[in-house]
Amino acid sequence: MAKPITTIQKRQMTEEEKRTEALAKLKAAVGDSEEAVRELLEFIEQLHESGLLEAANALLKAREDVAKIVVGQLNQKPVTTMINHAFAIAALAASLDPEKTAKLLEHIAAGALEAYEQNSAETKKNRVV
């Protein structure tokens, strides 16, 4: 009579087996998406030829210095004032009734057009005299 199984050992894959399996999955994925991979490679080639790929790599390498510069610029008084104004305008726009705002803008546009036409007519009269 056979001995009963008391423990089950899960088979551990070696690093080489893991790499082989990962490579097989990658090959299958590339085969399934061949056209997309070709387009991606063409895109990368165009970035390389234009110099944008090199610029992006340089930007990534210098990301800490760039972040310091950006934060320094954002902390300047005019920039923070502009950001505060943008938030205030966004809050105002969110509180307005869209239908009333649309009517108001239509009237403003009509008034501006009428003023332009009157100004054009007066300019023509002044040239004739």
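I take buried as under 20% relative accessible area, exposed as over 50%, and partly exposed as in between, with a 1.4 Å probe and protein chains only. This is a predicted model, where local features need pLDDT of at least 70 and side-chain atom pairs count only at pLDDT 80 or more, while totals for chains, interfaces and linings use all residues. Residues are numbered from 1 along each chain as its sequence is written, and side-chain values use heavy atoms, without hydrogens and water.

Overall fold. I looked up the secondary structure and found 6 helices and 0 strands (DSSP runs numbered from the N terminus: H or I of at least four residues for helices, E of at least two for strands). The radius of gyration is 33 Å, well over the 14 Å of the globule rule for 129 residues, so the protein is more spread out than a compact globule. The radius is taken over C-alpha atoms, and the rule is 2.2 Å times the number of residues to the power 0.38. I noted a C-alpha box of roughly 120 × 45 × 40 Å along the principal axes.

Burial. I found that 1% of the 129 residues count as buried.

Helix 4 (63-74) and helix 5 (77-95) each give two or more residues to the patch, and helix 5 gives the most, with 3.

Met82. I placed Met82 in helix 5; Met82 is exposed, at 54% relative accessible area.
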